[in-house]
Amino acid sequence: MISVNLQKAKIIAHEIRRERREQEFAPFDKIVSLQLGAANVAAAEASRVAIRAKYETIQNEIASAVTVDQLKAIISAMKETA
């Protein structure tokens, strides 16, 4: 029988979450860093706030997962929304 270390699986799930979050942030980071118009920057910041909230929820779900199947479901859901 194969045994999965849940704590290591959570670390991997968090790494995937960070990568996905970084990908979603990328277009907005460019707008903010280049200060491409006040309206664009405000919209980009609003989008970044929404992304942060989304991934904070996912982070909490990963942290509270008690089975590998729960982690798999969380990762699958992230992949579907990417």
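## How the helices pack

To compare two helices, a line is fitted to the C-alpha atoms of each one over the stretch in contact, and the angle between the two N-to-C directions runs from 0 to 180 degrees. In this predicted model, helix 1 and helix 3 meet at an angle of about 10°, and their axes lie 10 Å apart. Angles under 35 degrees count as roughly parallel, and helix 1 and helix 3 are therefore roughly parallel to each other. The residues of this contact divide into eight nonpolar, no polar and four charged.

You can follow this contact in the structure above. On the helix 1 side, look for Leu-6, Ala-9, Lys-10, Ala-13, Ile-16, Arg-17 and Arg-20; they meet Val-68, Leu-71, Ile-75, Met-78 and Lys-79 of helix 3.

Now turn to the pairing of helix 1 with helix 2. Their axes are 9 Å apart, and the packing angle is about 175°. With angles over 145 degrees counting as roughly antiparallel, helix 1 and helix 2 are therefore roughly antiparallel to each other. Twelve nonpolar, four polar and ten charged residues make up the contact of helix 1 with helix 2.

## A closer look at helix 2

Helix 2 has 27 residues. From its first C-alpha to its last, helix 2 reaches 39 Å, close to the 39 Å expected at 1.5 Å a residue.

Which residues of helix 2 are buried? They are Val-41, Ala-44, Arg-48, Ile-51, Tyr-55, Ile-58 and Ile-62. What do these buried residues pack against? Their partners are helix 1 and helix 3.

## The nonpolar core

The largest nonpolar core of the model holds 13 residues. Ile-58, Ile-62, Leu-71, Ile-74 and Met-78 are those with the most contacts inside this core. Helix 1 (6-34), helix 2 (38-64) and helix 3 (68-81) each supply at least two of its residues.

Setting aside residues up to four places away in sequence, Ile-58 touches Arg-17, Ile-74 and Met-78.

## Residues to find along helix 1

Is Val-32 buried or exposed? Val-32 has its place in helix 1, and its relative accessibility is 15%, so Val-32 counts as buried. Apart from neighbours within four places in sequence, Val-32 is in contact with Val-41, Ala-44, Glu-45 and Arg-48. Val-32 is 15 residues along the chain from Arg-17, and their C-alpha atoms are separated by 22 Å.

Pro-27 also belongs to helix 1. Pro-27 counts as partly exposed because its relative accessibility is 46%. Between Pro-27 and Asn-60 there are 25 Å in space, C-alpha to C-alpha, and the two are 33 residues apart in sequence.

Val-4 sits in the segment before helix 1. Its relative accessibility is 47%, so Val-4 counts as partly exposed. Leaving out residues up to four places away in sequence, Val-4 touches Ala-9 and Val-68. Val-4 and Val-68 are 64 residues apart in sequence, yet their C-alpha atoms are 7.5 Å apart in space.

Glu-80 is part of helix 3. At 67% relative accessibility, over the 50% cut-off, Glu-80 counts as exposed. From Glu-80 to Val-68 the C-alpha distance is 18 Å, with the two residues twelve apart in sequence.

Conventions
Residues are numbered from 1 along each chain as its sequence is written. This is a predicted model: local features need pLDDT of at least 70, side-chain atom pairs count only at pLDDT 80 or more; totals for chains, interfaces and linings use all residues. Side-chain values use heavy atoms; hydrogens and water are left out. A nonpolar core is a set of buried Ala, Val, Leu, Ile, Met, Phe, Trp, Tyr and Cys residues joined through side-chain atoms within 4.5 Å. Buried means under 20% relative accessible area, exposed over 50%, partly exposed in between (1.4 Å probe, protein chains only). Helices (H or I, at least four residues) and strands (E, at least two) are DSSP runs, numbered from the N terminus. Contact means heavy atoms within 4.5 Å. Angles under 35 degrees count as roughly parallel, over 145 as roughly antiparallel, 65 to 115 as roughly perpendicular and the rest as oblique. Ala, Val, Leu, Ile, Met, Phe, Trp, Tyr, Cys and Pro count as nonpolar, Asp, Glu, Lys and Arg as charged, and the others, Gly among them, as polar. The expected span of a helix is 1.5 Å times one less than its number of residues.
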